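Hi everyone, thanks for coming. Let me put the structure up on the screen.

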Amino acid sequence: MIEIKNRKVIDWVKECADLTKPKEILWIDGSEKQLEALRKEACETGELIKLNEEKLPGCYYYRTDPKDVARDEKRTIIATERREDAGPTNNWVQKDEMYQKMRTLFDGSMKGRTMYVIPYSMGVVGSEFAKIGIEITDSIYVVLNMNIMTRIGDPVIEELNKGAGFIKCLHSKAEVDAEKKYIVHFPEDDTIWSINSAYGGNVLLGKKCFALRIGSWLGRKEGWMAEHMLILCIEAPNGEKKYVSAAFPSACGKTNLAMLIPPKHLQEKGYKVYTIGDDIAWLRVGDDGRLYAVNPENGFFGVAPGTNSKSNNNALMTTKKNTIYTNVCRNLDDNTVWWEGLDLPAPTNGEDWLGRPWNAETSEEKGAHPNSRFTAPAENCPSIAPEFFTGEGVPISAIIFGGRRAKAEPLICQSREWNHGVFLGSKMSSETTAAANGAVGVVRYDSMAMLPFCGYHMGDYFQHWIDMGKKMTNPPEIFNVNWFRKDAEGNFIWPGFGDNLRALLWALDRCEGKADAVETPLGYVPTRDSLDVEGLNLTDEQLDELLTVDHETWKKELEGIKGWYAKLEHLPKELTEALERLEKEL
Ligand code: OXD
Ligand code: MN
């Protein structure tokens, strides 16, 4: 390993060791030799289980504590000097008070354990968009996941030795005590402290904590954006490539959309889709006045249940090697994995996510937790784009917002212009999923899918979107989509998955002023003929239901939006004006 010479790093690591009192410190250099030794150690202690090397080479199985299976939004805190900087949508504690409380919890939390120091880069090391973090942890699971999700080790030390700044991330699983679990962000100090959890979203601090919460704070300060967005590339038959980024709340199909396989007739015409990212985008305005995006991550932390060869074959292929599975069901016959929705025979001799014997024929409960996950390297993905590896940023033509709504929201709708698009994003709502603790299926407002991830005041965040719009001479078009409309019988009307490309192609055509649209109070929706529905067997009624903005329904929706806006304390006038205009037009 390269010797670390950066004084700030050395001092901070010592400070953390003095507080947490580990028995030893191990710097992670990213070498295969060191990682392999850690995997071996974790298997010996029972923390990990090695899976069938022939069927799933380099794959491991992990179980979290049953009370520690999702992001914990109630225990996620933005600790700043002043409450108004965190805003009304974040849990806030005054920062000195929070440091004091956290110091008590961290005091001696690594006694008898090894403290791992993981230098990592979000983005391709040394590239224009990249930023460095160092995560200190007492968990081998975290080290191995960070190795997949970020770029770690010696190349990052070289950057630090050149004087690069870094985000200070301290994690201890401590006793994994749910009552003492805190995920705390100190954005004024470039610091994240997380304790008493071992679930990915709470402990892989490069992801939600750094890349979104601290990232959004830095983005506002430095004039860029950190968003909960996938990035994909659509190649037209003539070889032209266009890039789309899309924000959806957790477990609404971002990974599926990012790895979309075109329906047969579009494949035959020559359309191709490539994946750049499935969860997070960092966006900057380029010299040409366009918006450029990179995926700062290096892997996918995807929801397993529902992933199969039809819903997302690319994801399935991605997880066939060097993957860590968390809280899925294990097939004891061949030491492989299974989850609900996987199109492989369900085990009759299995072990559920809690480690209990599980038999698909007799067990009543689910074998895999609904938020069970795979952590898989992006390089495994059959559809990964070459642009992913350069870290240079791709020019975004269209931004898509979307939620999971059984009614109201049409299949796709284009905003009138940037600020109206910001309005469409701000009023986003979705039925909740298992990705976070709490009730599932309740409609909640989740502006830009950033409600749990915006590190500062939501009102200021909207203002930042509006200010970014002013910096672009050639901004992306903004759309809102809803793949989840249901009919009166409760069935999904739109087939979703690969067929979502049809809506994206309409959007890209609109960017060039090509496809036809009808103007509604919400924006432009496709005419019946402008959307490609070839082979879908949708009736005219179904198509109308998908594409209609029903005024009576929207008058009720207005009340919800007003209630949401009332909670946000201060809002840019552009948004309140857009809301007034919507009301008037309805
Ligand atoms: C995720 C989430 O894990 O959004 O990506 O919860
Ligand atoms: Mn996410």
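Predicted model: local features only at pLDDT ≥ 70, side-chain atom pairs only at ≥ 80, totals over all residues.

I'll talk about the ligand site and then about the cysteines.

Residues are numbered from 1 along each chain as its sequence is written, chains are lettered from A and ligands numbered from 1 in the order in which they are written, and side-chain values use heavy atoms, with hydrogens and water left out.

So, what surrounds ligand 1? Its neighbours are Arg 71, Lys 207, Lys 208, His 228, Ser 250, Asp 279, Arg 373, Ala 435 and Phe 453, where near means a heavy atom within 4 Å. By type, this shell has 5 charged, 2 polar and 2 nonpolar residues; Asp, Glu, Lys and Arg count as charged, Ala, Val, Leu, Ile, Met, Phe, Trp, Tyr, Cys and Pro as nonpolar, and the others, Gly among them, as polar.

Now the polar contacts, meaning pairs of N or O atoms within 3.5 Å. A polar side-chain atom of Arg 373 is 2.9 Å from a ligand 1 oxygen. For the side chain of Asp 279 the distance is 3.2 Å, and for His 228 it is 3.3 Å. Taken alone, ligand 1 exposes 210 Å², and the protein buries 94% of that, by the Shrake-Rupley method with a 1.4 Å probe.

How many disulfides are there? The search of the whole structure finds 0, counting cysteine sulfur pairs within 2.5 Å. The Cys 59 sulfur is too far for a bond, because its closest cysteine sulfur, in Cys 43, is 12 Å away.

How values were computed:
Polar contact = N/O pair within 3.5 Å; in protein donor to acceptor, adjacent residues only side chain to side chain.
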